Amino acid sequence: MKRIATVTALLAFLLIPVLLVAGPQSKGDAKAGKEVYDKKCATCHGPNGEGKPALAKALKVEIRHLGSKEVQAKSDEVLAKESSEGVGKMGPVKGLTEKDIADVVAYIRSLKKE
């Protein structure tokens, strides 16, 4: 019994640094996400996530920069849902695979303003 506890403690000791170094990482590919974004999102959100002021005015909405603190504070799950299902006046985006959605989320994360 004592041996099991020692082995368990040793494994935990060895695995915790690995998990901390790996940390939470996006499951998507930002480069592939840029390609999907350019085809499916840039029409409204602009080529670099800045939004299109004329469209925002016409729809009477605020289109936040995708790199803004407000957008970046959202979880990957929320960004994925909003990217595929829409939010507010933004309708659903059709034809996206789960990989496409994960890639777009990774691209949105790459737009974070410093």
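Mentor: Helices (H or I, at least four residues) and strands (E, at least two) are DSSP runs, numbered from the N terminus. This is a predicted model, in which local features need pLDDT of at least 70, side-chain atom pairs count only at pLDDT 80 or more, and totals for chains, interfaces and linings use all residues. Residues are numbered from 1 along each chain as its sequence is written, and side-chain values use heavy atoms, with hydrogens and water left out.

Trainee: Which helices each supply at least two residues of the lining of the largest pocket?

Mentor: They are H2, H3 (42-45), H4 (53-59), H5 (69-72), H6 (76-85) and H7. A pocket is an open set of points on a 1 Å grid over the protein atoms alone, where a 1.4 Å probe fits, with protein on both sides within 12 Å along at least five of seven lines; lining residues have an atom within 4 Å of a point. The largest pocket has a volume of about 700 Å³, the volume being the space filled by probe spheres set on the points, which are joined across faces, edges and corners. Of its 28 lining residues, His45, Ile63, Leu66, Val87 and Met90 are the closest to the centre.

Trainee: What makes Tyr37 and Tyr107 an aromatic pair that is tilted?

Mentor: Rings of Phe, Tyr and Trp (its six-membered ring) pair if their centres lie within 6.5 Å; planes under 30 degrees apart count as stacked, over 60 as edge-to-face and the rest as tilted. Tyr37 and Tyr107 lie 5.0 Å centre to centre with 45 degrees between the planes, so they form a tilted pair. Tyr37 is in helix H2 (residues 30-40) and Tyr107 in helix H7 (residues 98-110), 70 residues apart.

Trainee: How do you know that Cys41 is in no disulfide?

Mentor: A disulfide is a pair of cysteine sulfur atoms within 2.5 Å. The nearest cysteine sulfur to that of Cys41 belongs to Cys44 and is 8.8 Å away, so Cys41 is in no disulfide. The count comes to zero disulfides.

Trainee: Why does Cys41 count as buried, and what does Cys44 count as?

Mentor: Buried means under 20% relative accessible area, exposed over 50%, partly exposed in between (1.4 Å probe, protein chains only). Cys41 has 14% relative accessibility, so Cys41 is buried. Cys44 has 37%, so Cys44 is partly exposed. Tyr37 and Tyr107 are buried too.

Trainee: Which element gives the most to the lining of the second largest pocket?

Mentor: H7 does, with four residues. That pocket holds about 170 Å³ of space.
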